[in-house]
Amino acid sequence: MKARTLRGRVAIAGVGETAYYKHGRAPVSEFQLALQAILAACADAGLDPRAIDGFASYSNDRNDPSRIAAALGLPELRFSNMQWGGGGGGGSAAVANAAAAVAGGLADCVVVFRALAQGQFQRFGAAPPVATVSGEQAMTFPYGLISPAQRFAMRVMRYLHEHDIRPEAQRAIALASYHHAQANPRAVMHGRPLTAEAYDASRWIVEPFRLYDCCMENDGAAALIVVSAERARDLRPRPAYLLGAAQGSEHRNAARAHNAPLYATSSFTTVAPHLYAMAGVGPGDVDVVQSYENFTGGVLMSLVEHGFFTAKEANDVLVVDNLLAPKGRLPLNTSGGNLAECYMHGLELVIEAARQIRGESTSQVEDAEVSMVISGPMVTPVSSLILGSAATV
Amino acid sequence: MAPAASYLPAGLPAPVPEPDGLDAPYWAGTRRGELLVQRCERCRAWQWGPEWICHACLSPEVGWTRVDGRGIIYTWERAWHPVHPALREHGPYIVVLVELAHAGGIRMLGNLLGDPRQVVTIGAPVEAVFEPHDDAKVPFTLVQWKVI
């Protein structure tokens, strides 16, 4: 049997997004947004949209691939894939699923996309309008434990307690995202810088999360094109090669009513070793990281579980200067991410990771060769991936 | 002023047993003021929340056992932002996750009764308090916690 790996076999050949909007402000429907992003990604790759033969998404995206294929007039549809799980945990996994399809010969050109117009549907951060609940929700909703922030605050509270981590560590993550958004004209928070004082004065959403620890909710769409490494070289001068990807979660992570044996986790303790094993690199080789911010505490835990520092070092490492492009020790969320660019469920983070490899970020890290994405901390399954330049494959 | 009948205001979604009956013994137990959790009849492993088979030995013979409603605060949160219309004018409230060491370390959720602005200490001992909602369309009882 050949070595079972995706390393170097596929690449992201094009990326695209719509304009990003505050939630409820998109002037067109969610489906139109999806089409716009896909066509933008094709244009970026220099690819005829009729070459697409597969789709991958996550988090129960509402935009059916068969309808998209019909709208685009595709000659044929060969691959249609939905990654299970909620939140942004599938962001990297959807890319990996597309990559596996291409590497395995199921399709030649797979679009990974995510479209969200929360103003046209139910918002993630508001309680659904129901009179009764059962199952897991019956154990939580009657106690006012309803929203994602409320679902994850207790995990982070426990983690901060176990490791004596100060609030300034979460604050640094928020400030880094806002700092990078000021250089990014696409960012919803472009032109709206955040200071440490404003962070400290911001209201609690749910302790230990202040307003700026929580992601935005937005309208928009993002897409990227996954093809074989050989084909990518013909399409783009600098494709971003997939070095590795992994998804999953720990033993009984989804045990009901907050009974995961390992409770204070971002769900990556078993996933990250698989990622590094496939990529053939270690944390010290990673030049730049995009780490999904549902909440800053989840980023903190994700970075620890991917081996960038230990929990005991978090107070010392998580200071703003360390997290900034171009020269910080660990440049983080260089487009502004979910906090300040756009909450496109983390697919904007994959696009940014590819732009870093292409040298096209608005907060470019010098000589970025290895670029990581961490998707959806604290949910299950989570996923992460590593992209590399031509020099790494 | 008489203490409020419930910790949180009326109007939040009401719990109902799952249609397949999995957690019905738990909800029936709370109506009687009893805390019931699962314990495998074959390997004696504790299990919470409920599931159809034992996660340790995969036996379908997962029984229900009454446990003492005492534990320690494993973690907590204080929610300020109202995500449901019923909470809009309410102010902060506390949710705790309570570990029951005498029941295999299973954890149970609830609100922490008392001052919503109180200092909360991880590791503090708490005991269960049953909060009946007799006027609900389908009457139910919540398990809450108070520091002892």
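Look for Q38(B) first: its bridge partner is W64(B), which sits in β4(B). Keep in mind that you're looking at a predicted model.

That pair belongs to a bigger picture. Strand β2 of chain B covers residues 36–40, and five bridges tie it to β4(B), with the two strands running antiparallel.

## The three-stranded sheet

In chain B, the order β3-β2-β4 makes up an open sheet of three strands, and the pairing is antiparallel. Which strands are at the edges? They are β3 (46–47) and β4 (62–66) of chain B, each of which pairs on one side only.

## Where the chains meet

Next, turn to the place where chain B touches chain A. Here 32 residues of chain B are in contact with 35 residues of chain A. On chain B's side, the elements that give two or more residues are β1 (14–15), β5 (70–79), β6 (93–100) and β7 (106–111). The largest share comes from β5(B), with six residues.

## A pairing across the chains

Strand β5(B) also pairs with a strand from the other chain. Its partner is β7 of chain A (residues 204–207), and the two pair in the antiparallel sense over two bridges.

How values were computed. Residues are numbered from 1 along each chain as its sequence is written. Chains are lettered from A and ligands numbered from 1 in the order in which they are written. This is a predicted model: local features need pLDDT of at least 70, side-chain atom pairs count only at pLDDT 80 or more; totals for chains, interfaces and linings use all residues. Two residues are in contact if their C-beta atoms, placed from the backbone, lie within 7 Å. Helices (H or I, at least four residues) and strands (E, at least two) are DSSP runs, numbered from the N terminus. Two strands pair if DSSP finds at least two bridges between them.
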